[in-house]
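Let's go through a structure together, one feature at a time. Bring your questions, and we will start with how to read the model itself.

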Amino acid sequence: MAQAGRAGLTTERLVRAGAELADEIGFGQATPAELARRFGVKTASLYSHVKNAHDLKTRIALLALEELADVAATAVAGRAGKDALISFANAYRDYALAHPGRFAAASYRLDPEAAAASAGVRHARMMRAVLRGYDLPEPQQTHAVRLLGSVFSGYVGLEGAGGFSHSAPAPQESWTEILGALDVLLRSWPTAS
């Protein structure tokens, strides 16, 4: 086997390779041992770049959150209301379908310090910016953020697993209808608890 130094390994290269591996075989299977096999090195040689499997998964999660935040920010730039909602939702869905392992990584439980420093904060700000077009007060805004996150993650999870591939209508048609229904719901959200 080649040595890690001779393989040109860096932390960034390992994390990117781990993210690609997650997309290929699943986030749960993206381990230091599997990465070492891919690079033709001993697993122990990776530990000068990542501390352990948890560290690798955390770094992949941080990368995924950053990529997804960049994609979503580009999608919603200059948009408001329903247009912003649809653009934001489509950015998540497109990313999830193109990068299923990374999308799964974006939900990895981070320690509080890593979470606070992650692009997850940008996601929350963008979601709230989208919701400004619906004029929701707190705590309804927080409820709406949680609803949207649940719908987006749930739908793309089911779609990615093939849950909609055996019946009509096509997943895109349902997605469009669901986003329209979410827009109606957000515009008429009850404000009294």
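Q: What should I know before reading any values?

A: This is a predicted model, in which local features need pLDDT of at least 70, side-chain atom pairs count only at pLDDT 80 or more, and totals for chains, interfaces and linings use all residues. Residues are numbered from 1 along each chain as its sequence is written, and side-chain values use heavy atoms, with hydrogens and water left out.

Q: How many helices and strands are in the chain?

A: Helices (H or I, at least four residues) and strands (E, at least two) are DSSP runs, numbered from the N terminus. Here the chain has nine helices and zero strands. The C-alpha atoms fill a box of roughly 60 × 40 × 30 Å along the principal axes.

Q: What share of the chain is buried?

A: Buried means under 20% relative accessible area, exposed over 50%, and partly exposed in between (1.4 Å probe, protein chains only). Of the 193 residues in the chain, 42% are buried.

Q: What share of the contacts joins residues 24 or more positions apart?

A: A contact means heavy atoms within 4.5 Å. Taking the contacts with a separation of 6 or more, residues 24 or more positions apart account for 70%.

Q: How do I judge the span of a helix, say H1?

A: The expected span is 1.5 Å times one less than the number of residues. H1 (residues 11–25) has 15 residues and reaches 20 Å from its first C-alpha to its last, close to the expected 21 Å. After H1 comes Gly26, with a positive phi near 110 degrees.

Q: Which residues of H1 are buried, and which helices do they pack against?

A: An α-helix has 3.6 residues a turn, so residues three or four places apart point the same way. In H1, the buried residues are Leu14, Val15, Ala17, Gly18, Ala19, Leu21, Ala22 and Asp23. They pack against H2 (32–39), H3 (53–76) and H5 (100–105).

Q: Which residues does Val15 contact beyond its sequence neighbours?

A: Val15 lies in H1 and is buried, with a relative accessible area of 9%. Leaving aside neighbours within four places in sequence, Val15 is in contact with Arg59, Ile60 and Leu63. The C-alpha atoms of Val15 and Thr58 are separated by 9.5 Å, although the two are 43 residues apart along the chain.

Q: How are H3 and H7 oriented, parallel or antiparallel?

A: Axes are lines fitted to C-alpha atoms, for helices over the stretch in contact, and angles run from 0 to 180 degrees between N-to-C directions. Angles under 35 degrees count as roughly parallel, over 145 as roughly antiparallel, 65 to 115 as roughly perpendicular and the rest as oblique. H3 and H7 pack at about 25 degrees with their axes 9 Å apart, and they are therefore roughly parallel. From H3, Leu65, Glu66, Leu68, Ala69, Asp70, Ala72, Ala73 and Val76 meet Gly120, Arg122, His123, Met126 and Val130 of H7.

Q: What classes of residue make up that contact of H3 with H7?

A: Ala, Val, Leu, Ile, Met, Phe, Trp, Tyr, Cys and Pro count as nonpolar, Asp, Glu, Lys and Arg as charged, and the others, Gly among them, as polar. The contact of H3 with H7 has eight nonpolar, two polar and three charged residues.

Q: At what angle do H4 and H7 cross?

A: The axes of H4 (residues 81–98) and H7 (residues 120–132) come within 9 Å and cross at roughly 150 degrees. H4 and H7 are therefore roughly antiparallel. Ala84, Leu85, Phe88 and Tyr92 of H4 make the contact with His123, Met126, Met127 and Val130 of H7. By class, that contact has seven nonpolar, one polar and no charged residues.

Q: Is Glu159 buried or exposed?

A: Glu159 is in H8, and at 14% relative accessibility Glu159 counts as buried. Not counting residues up to four places away in sequence, Glu159 touches Arg93, Leu97, Phe164 and Pro171.

Q: Which helices do the buried residues of H8 pack against?

A: The buried residues of H8 pack against H4, H5, H7 and H9. The axes of H8 (residues 140–160) and H9 (residues 171–187) come within 12 Å and cross at roughly 175 degrees. H8 and H9 are therefore roughly antiparallel.
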